[in-house]
Amino acid sequence: MSLPRQLRDESDFDQLPNDVPVAATIADIEEKKGFIDYYVFVIEVKNKGSSKYLIYRRYREFLQLHQLLETKYSGEGSESPGPATWSLPTLPGKIYLGNKREIAESRIPELTLYMKKLLALPTWLLLDEDLRMFFYQSDVDSMEQPQNLRRLRPPRAEKTVKEKMDLLSSPRAEVLFDFRGSGTTELNLKKGQLVFLLRQVNADWLEGTVKDHTGIFPQSFVKIIKPLPPSDCDNAEGPSYSCLRCFLVQPHASDTRDVCVQEDLGHEPAYKDLLSRMRMVFQKEDIALNYRDLHGDLIRLLDDEDVLLMIQQSRLRPRTQDRPDNQFLWELHVTLTSDLSVYTPTVK
């Protein structure tokens with residue numbers, strides 16, 4: 001049985017935390033200038049909770065990780081390997097001479113294969129602290145501005161015929177980072193611009209229009225203000241929903257509302273926007289937001305990361321027959337901050 005198959009079939013994989021990395025691919029290389037000039041690999045990581053993010057690693061960081069893992073798990077040179085040993089994948093060797101860009105380019109397929117094999121190892125090894133720290137998005141990683149991400153680009157596509165845009169009703173997004181397109185099929189974007197969305201090309205790229213120019217661009221470079229309608233998202237992952245079921249829990253009563261929030265908040269709303277909307281819906285200011293996790297415990301929402309975690313966990317729940325197709329997978333429990341005796345939520 002192959003290692004990826006073995007890993008996915010084991011029930012203990014389901015018990016892993018959602019932030020454990022399960023897939024990684026090199027999206028590009030970028031040159032860094034300083035005391036010496038060097039290249040870093042821009043790596044797109046996907047974790048068990050299906051979140052994607054970018055990290056930036058030099059070859060020497062791959063080498064340091066591999067040496068640490070060999071020390072703990074390889075068992076080479078031991079006449080009687082212990083139970084916590086495993087045959088690790090082969091890391092491509094260090095190259096001392098040559099053009100730095102060409103060396104980095106040549107390593108991309110080998111390092112991508114190395115990461116694929118590494119993340120297909122048994123589940124107990126995926127919990128190794130050194131391995132998880134290598135794939136962890138640090139503050140430095142999150143502050144980096146990605147450039148081309150050329151290896152995530154979809155195949156070249158013909159331009160879509162432009163149509164007159166309605167500024168208020170058209171799907172649109174705000175540009176978060178400058179993006180320099182490659183060729184005539186890709187848009188050039190400036191931070192702060194408004195781009196009108198035409199279609200979802202694949203899971204990572206969109207097509208849109210800016211100042212009478214039409215082309216494709218990476219979704220990670222923009223913040224969606226109004227998403228494309230479901231019919232225009234044939235390649236997007238998962239269904240689209242427009243209503244959120246909310247419960248206002250009070251000492252002697254409970255008020256249930258199905259609130260349409262997609263137009264105002266989108267699929268992954270900010271905590272402050274969600275709190276503001278719930279105050280408007282229930283006409284109460286002193287409220288706290290909560291959700292039930294997979295174990296049925298009530299968890300307090302405190303920031304944007306908690307909202308994302310709520311959404312990710314809810315996607316693991318099976319859809320029930322009594323849930324309408326247009327209803328969000330997650331439910332919101334609103335409590336009064338002046339009367340927390342109703343529930344005692346777990347604060348993370």
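**Figure 1. Salt bridges in the predicted model.** The structure, a predicted model, holds 10 salt bridges. Side chains of opposite charge can pair when their charged atoms come close.

**Figure 2. Aspartate 19 and arginine 132 form a salt bridge.** The two side chains meet at 2.7 Å, N to O. Aspartate 19 belongs to the loop between helix 1 (3-9) and strand 1 (21-32), whereas arginine 132 is part of helix 5 (residues 129-134), so the contact ties together parts that are 113 residues apart in sequence. Aspartate 19 is partly exposed, its relative accessible area being 46%. Arginine 132 is also partly exposed, at 24% relative accessibility.

**Figure 3. Aspartate 141 pairs with arginine 57 in a salt bridge.** The N to O distance between these side chains is 3.1 Å. Because aspartate 141 lies in helix 6 (residues 139-143) and arginine 57 in strand 3 (residues 52-57), the pair ties together parts that are 84 residues apart in sequence. Aspartate 141 is buried, with 6% relative accessibility. Arginine 57 is likewise buried, with a relative accessible area of 7%.

**Figure 4. Glutamate 207 and arginine 199 are joined by a salt bridge.** Their side chains meet at 2.7 Å, N to O. Glutamate 207 has a relative accessibility of 2% and therefore counts as buried, the cut-off being under 20%. Arginine 199, at 26%, counts as partly exposed.

**Figure 5. Glu30, Lys32 and Glu144 make up one network.** The three residues are joined by salt bridges that share partners.

Definitions and conventions. Residues numbered from 1 in each chain as written. Predicted model: local features only at pLDDT ≥ 70, side-chain atom pairs only at ≥ 80, totals over all residues. Heavy atoms only, no water. Salt bridge = Lys/Arg side-chain N within 4 Å of Asp/Glu carboxyl O. Helix = DSSP H or I, 4+ residues; strand = E, 2+ residues; numbered from the N terminus. Buried < 20%, exposed > 50% of the residue type's maximum accessible area, 1.4 Å probe, protein only.
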